[in-house]
Amino acid sequence: MATFFWCLLGLLTCGYFALAGYDYGVGMLLPAFEADERRRRQTLGALGPFFLANEVWLVAAVGLLFGAFPHLEGKVFAGAYVLVVTLLLGLVTFTASMQLRSRRPDARRGAWTAGIVGGALVTALSWGLFLGNLVLGLPPTDDVLAFFSPYAALWGLGFVALFCLQGATFLAVRAPAELTGRAVRLARAFSAPVLAFLVIATGWGFFTLSGVTALGVGVVVLAFLALAVSRLGLASRRHRVALVASMVLSACPALLAGTLRFPTVLVSPTSTLTVEEAATASGTFAVLAWFAVPAVVVLLVVQWLTWRAHRHPLDQRSLLHF
């Protein structure tokens, strides 16, 4: 039962990164497009129908983590509290700035635009540092600087490039035709740093990490394949194929953190947790099964319907949410 719910948690977590990654990518890329307000609204408007729906995946994943794996939740959040705080600050700043950016033609939006860019950047860096430390092994809680080790910093910068690649590919699919060329050029530009991140992190991990399973190796291979498909999709102007590949690529780091040493799910200097040790009581799993599985099914159906309803690029008739 614990393994089943671990897979369910992995589905929600990977779904969050696959979908919300382009939210933060578009936010960070906002200065790369013209400062004209109409262009800015079109860029942000591409996210309109998906923005809040993407965040629901994180809420669902955290809720399942609290309910199904309370021992893991306590150790991770307490052990990496510095990164959790910075992550929350980034998420709140980004979300609030997106929501509060006024539509009035005479409004001043500079502060909210800066909040979108800065919040997205902090969120991407925090997620990279967080997952990089999970892969490496959580350092002692009293050594704050250890959370910003060179390996974790590599993951932080890698996540910035990864989300920018995903955001640019998303805009190549959803943005108006006049913005597609810029989006494709940005996506191609960010492919190189993402490749560098994958190569360096893989080589570094080969000599640093221990206890790696075949599942972890498979995820690394999947990441390289996803990047290759994304680049081929951009080169052949199959932007939807490139977007799907970049979404898979953004989900790979979270998938790696969950499978790297499975059934061991947490490594730190003071303790090691397996999936069974991290799990809640069997009776709680029985209760969760009545709610978690139907909720995930509903989430998948609603997300698919949202994508199907808004699968075409923006045009003059499109409603701009932001």
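**The largest pocket and the chain around it**

Biologist: From which element does the largest share of the lining of the largest pocket come?
Modeller: The elements are DSSP runs numbered from the N terminus, where a helix (H or I) has at least four residues and a strand (E) at least two. Of these elements, the one that gives the largest share of the lining, nine residues, is α1.

Biologist: Before we go on, what kind of model is this?
Modeller: Residues are numbered from 1 along each chain as its sequence is written, and side-chain values use heavy atoms, with hydrogens and water left out. Local features need pLDDT of at least 70 and side-chain atom pairs count only at pLDDT 80 or more, while totals for chains, interfaces and linings use all residues, since the model is predicted.

Biologist: What is the volume of the largest pocket?
Modeller: A pocket is an open set of points on a 1 Å grid over the protein atoms alone, where a 1.4 Å probe fits and protein lies on both sides within 12 Å along at least five of seven lines; lining residues have an atom within 4 Å of a point. Points are joined across faces, edges and corners, and the volume is the space filled by probe spheres set on them. For the largest pocket this comes to about 840 Å³.

Biologist: How many residues of its lining are nonpolar?
Modeller: The largest pocket is lined by 38 residues, with L9, T13, L65, F130 and L134 nearest its centre. Nonpolar covers Ala, Val, Leu, Ile, Met, Phe, Trp, Tyr, Cys and Pro; Asp, Glu, Lys and Arg are charged, and the others, Gly among them, are polar. By that division, five lining residues are polar, one is charged, and the number of nonpolar ones is 32.

Biologist: Is N133 buried or exposed?
Modeller: N133 lies in helix α6, which covers residues 110-136. Leaving aside neighbours within four places in sequence, N133 has contacts (heavy atoms within 4.5 Å) with L83, L138, P139, A146, F147 and A152. Buried means under 20% relative accessible area, exposed over 50% and partly exposed in between, with a 1.4 Å probe and protein chains only. With a relative accessible area of 1%, N133 is buried.

Biologist: Which residues does S246 contact, apart from its neighbours within four places in sequence?
Modeller: S246 is found in helix α10, and its relative accessible area of 1% makes S246 a buried residue. Leaving those neighbours aside, its contacts are Q166, T169 and S230.

Biologist: What is the radius of gyration of the chain?
Modeller: The chain has 12 helices and two strands. The globule rule, 2.2 Å times the number of residues to the power 0.38, is compared with a radius taken over C-alpha atoms. The rule gives 20 Å for 322 residues, so the chain is as compact as a globular protein of that length, its own radius being close to that at 20 Å.

Biologist: What is the phi of R237?
Modeller: R237 lies in the loop between α9 and α10 and counts as exposed, at 71% relative accessibility. Most residues other than glycine have a negative phi. R237 is not a glycine, and yet its phi is positive, at about 65°.

Technical notes. Contact = heavy atoms within 4.5 Å.
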